Amino acid sequence: MSDDHVYLSLAQGPDAGADEGDARWAFGTGFEDPLHGVDTAVPAGLDTAALAARCLALADDALVSAQRLTEWTTRAPELEEEVALANIALDLLGQARLLYARCGQTDGTGRGEDAYAYFRDAADFRNVRLAELPNGDFAFTIVRLLVLSSWRLAELQRLTASPDPVLAAVAAKGIKELAYHRQYAAEWALRLGDGTEESHRRMRAALDAVAPYLDELFAACDVREEVTAVLAQVTEAAGLPPLEGAALPGAGREGTHTAHLAPLLAELQSVARAHPEAAW
Amino acid sequence: MTTTESGAPPAPGGTGPADLQERFEATIARDQRVEPRDWMPDGYRRTLIRQIAQHAHSEIIGMQPEAAWITRAPSLRRKAILLAKVQDEAGHGLYLYSAAETLGVDRAELNDRLLEGRQKYSSIFNYPTLTFADVGVIGWFVDGAAICNQVPLCRSSYGPYARAMVRVCKEESFHQRQGYELLRTMTRGTKAQREMVQDAVNRWWWPSLMMFGPPDENSPNSAQSMAWKIKRHSNDELRQRFVDMTVPQAEALGVTLPDPELRWNEERGRYDFGTPDFDELVRVIKGEGPCNAERMERRRTAHEEGAWVREAAAAHAAKQASRSKRGMAA
């Protein structure tokens with residue numbers, strides 16, 4: 001390989017001489033619309049308010065989960081986990097963007113993805129509370145990921161039959177991603193449940209901490225049986241007790257959140273809100 | 001000379017040290033690659049281990065300044081781009097540690113050397129990221145400088161390193177263009193955004209020029225590395241390339257590079273520029289930069305807090321192995 005060739009292509013850009021100005025030194029111009037090229041017409045007779053609410057809730061779950069996962073960056077127990085956790089966060093971020101875009105097309109406001117992510121307050125978010133809890137230790141992160149990914153996978157599998165073709169397509173793409181997230185979490189649950197006394201103890205504590213937030217997941221979509229069976233299979237294989245405990249009253253889907261969501265959003269939204277007129 | 005640093009045995013076949021040395025030198029002279037199982041001089045091996053490990057450490061520590069902005073990225077698109085970039089850096093670290101492992105050291109040992117301060121990482125990552133514009137400027141300058149340094153390494157004489165560099169350089173080039181694209185958007189935005197960009201340019205320009213190392217007359221390891229074709233161009237030559245590449249891009253963005261001596265030299269056909277404060281470089285390498293302690297502390301904490309996870313994974317693997325052994329015996 002001639003290094004000069006690579007070097008020059010960097011300095012000049014592949015289209016040096018083309019009349020696009022300095023865009024030749026930039027990558028990423030012109031990718032603004034996340035649903036670009038997708039037929040976004042809403043089928044006649046669809047309950048658009050319900051569709052928009054569904055998209056919003058699923059988008060908020062994904063965004064808040066991704067935000068928590070990104071907090072692990074540079075703090076993960078091993079480099080492979082840095083890569084894997086970032087990968088899962090990227091998948092969820094991608095799902096959130098598509099779902100917000102669909103929400104904006106169906107709730108009558110025409111808002112873009114960033115309006116939902118950056119310019120709503122905690123009470124307007126519809127994510128389940130489990131997603132917003134602080135990361136805790138790696139065991140808590142794994143148990144939460146196992147629960148949320150098993151649940152979301154079951155939900156998305158049903159949504160592949162949605163009458164809205166956009167939501168159905170987002171779900172179809174998402175199930176491949178969620179299957180990996182669940183596998184990753186299940187493999188770590190096995191290692192940590194079986195590994196050392198300490199890891200086993202931490203896994204039990206994490207199961208106890210997650211259990212009160214489980215019930216809330218099944219309020220809107222009845223996948224309880226399926227998800228409970230998956231979780232029981234994993235905990236059993238890991239030598240851990242099943243996930244159970246009294247449900248906490250309240251529901252993120254109705255805008256009732258823990259005290260942890262507002263600071264999460266304050267951080268997420270800080271730069272965007274400091275420069276509301278800016279383009280990024 | 002019967003063992004290498006790694007304890008590898010001498011090459012078989014009764015070939016004398018002089019023959020091995022001759023064969024090695026012929027490989028270098030013909031611009032062919034040295035591969036892991038080939039005989040190589042201890043000094044060559046040591047130099048490569050040090051260089052590749054420091055490169056790997058730089059990728060891993062280099063995640064920190066930008067990761068600080070992932071949670072605050074001001075649009076979902078920028079958040080995805082930044083997260084993917086920082087993830088790429090973790091991937092580069094993994095490749096490079098693997099390349100170093102082909103020389104007979106292991107990753108855990110190299111990580112210990114980093115945490116004990118026995119191996120360094122690039123001085124550039126000891127500067128703070130104060131605004132979101134820093135994300136763009138790091139992409140543009142720091143990844144740009146890294147590319148100038150690394151593209152020639154795609155022809156490095158050591159095969160695994162050269163091959164790792166091909167992929168790393170492609171990704172770095174992508175990052176550099178994304179950084180430029182962010183700045184292009186910001187300089188077309190509000191006055192506050194333009195000021196943020198100029199401020200970040202002012203802070204990162206000189207430290208970026210220092211990334212190429214000390215001036216040639218003061219670079220003790222360079223001559224041997226050039227002879228071994230681990231390194232292909234001198235520090236000053238690479239620094240000049242970076243300046244020549246960057247000046248027109250700065251003009252197009254409408255930002256000012258903070259160097260009053262910067263001007264086109266018609267005769268040389270290159271830009272003249274001022275001298276970075278190399279005393280500052282020495283201080284930062286010695287550990288006196290603004291963020292050295294913070295960077296090492298973060299890395300150390302992550303490593304220590306992850307110990308129980310790694311131990312659990314190892315214990316589980318050992319139990320699995322003994323269970324499957326018992327299963328086979330039964």
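Predicted model: local features only at pLDDT ≥ 70, side-chain atom pairs only at ≥ 80, totals over all residues.
Asp31(B) sits in the loop between helix H1 (17–29) and H2 of chain B, and although Asp31(B) is not a glycine, its phi is positive, near 65°.

Thr74(A) belongs to the loop between H2 and helix H3 (79–106) of chain A, and with a relative accessible area of 6% Thr74(A) is buried.

Let me stay with loops for one more residue, Ile230(B), which is found between helix H9 (222–227) and helix H10 (235–253) of chain B. Is Ile230(B) buried or exposed? At 0% relative accessibility Ile230(B) counts as buried, since the limit for that class is under 20%. Leaving aside residues up to four places away in sequence, Ile230(B) touches Tyr44(B), Thr47(B), Leu48(B), Gln51(B), Leu153(B), Ser156(B), Ser157(B) and Ser225(B). Arg30(B) is 200 residues away from Ile230(B) along the chain, and their C-alpha atoms are separated by 14 Å.

Next, two helices of chain B. The 14 residues of helix H12 (residues 292–305) should span 20 Å at 1.5 Å a residue, and this agrees with the 20 Å between its end C-alpha atoms. Which residues of H12(B) are buried? They are Asn292(B), Arg295(B), Met296(B), Arg299(B) and Ala302(B), and, seen down the axis of H12(B), the buried residues fall within an arc of 130°, so they line one face of the helix. On the other side of H12(B), Ala293(B), Glu304(B) and Glu305(B) are exposed. As for what the buried residues of H12(B) pack against, the partners are helix H2 (42–61), helix H3 (63–67), helix H5 (107–115) and helix H11 (278–288), which belong to chain B.

Helix H13 (residues 307–329) of chain B has 23 residues, and the distance from its first C-alpha to its last is 33 Å, close to the 33 Å expected at 1.5 Å a residue. In H13(B) the buried residues are Trp308(B), Val309(B), Ala312(B), Ala313(B) and His316(B), and their cover includes H6, H7 and helix H8 (197–210) of chain A, together with H12 of chain B.

That leaves the cavities. The structure holds 7 cavities of 30 Å³ or more, and the largest cavity has a volume of about 180 Å³. Of the 16 residues that line the largest cavity, Ser65(A), Leu69(A), Leu92(A), Leu145(A) and Leu148(A) are the closest to its centre. Helix H2 (48–70), helix H6 (138–159) and helix H7 (165–194) of chain A are the elements that give two or more residues to this lining, and H6(A) gives the most, with 7 residues. By class, the lining of the largest cavity has 7 nonpolar, 5 polar and 4 charged residues.

The second largest cavity has a volume of about 120 Å³, and among the 13 residues that line it the closest to its centre are Ile81(B), Lys85(B), Val135(B), Gln178(B) and Gly179(B). At least two lining residues each come from helix H4 (76–101), helix H6 (133–150) and helix H7 (159–187) of chain B, and the lining of this second largest cavity divides into 5 nonpolar, 5 polar and 3 charged residues.

Terms used:
Residues numbered from 1 in each chain as written. Chains lettered and ligands numbered in written order. Heavy atoms only, no water. 1 Å grid on protein atoms, 1.4 Å probe; cavity = no way out; pocket = protein on both sides within 12 Å on 5 of 7 lines; lining within 4 Å. Points joined across faces, edges and corners; volume = space filled by probe spheres on them. Helix = DSSP H or I, 4+ residues; strand = E, 2+ residues; numbered from the N terminus. Nonpolar A, V, L, I, M, F, W, Y, C, P; charged D, E, K, R; others polar. Expected span 1.5 Å × (residues − 1). Buried < 20%, exposed > 50% of the residue type's maximum accessible area, 1.4 Å probe, protein only. Arc of directions from axis to C-beta. Contact = heavy atoms within 4.5 Å.
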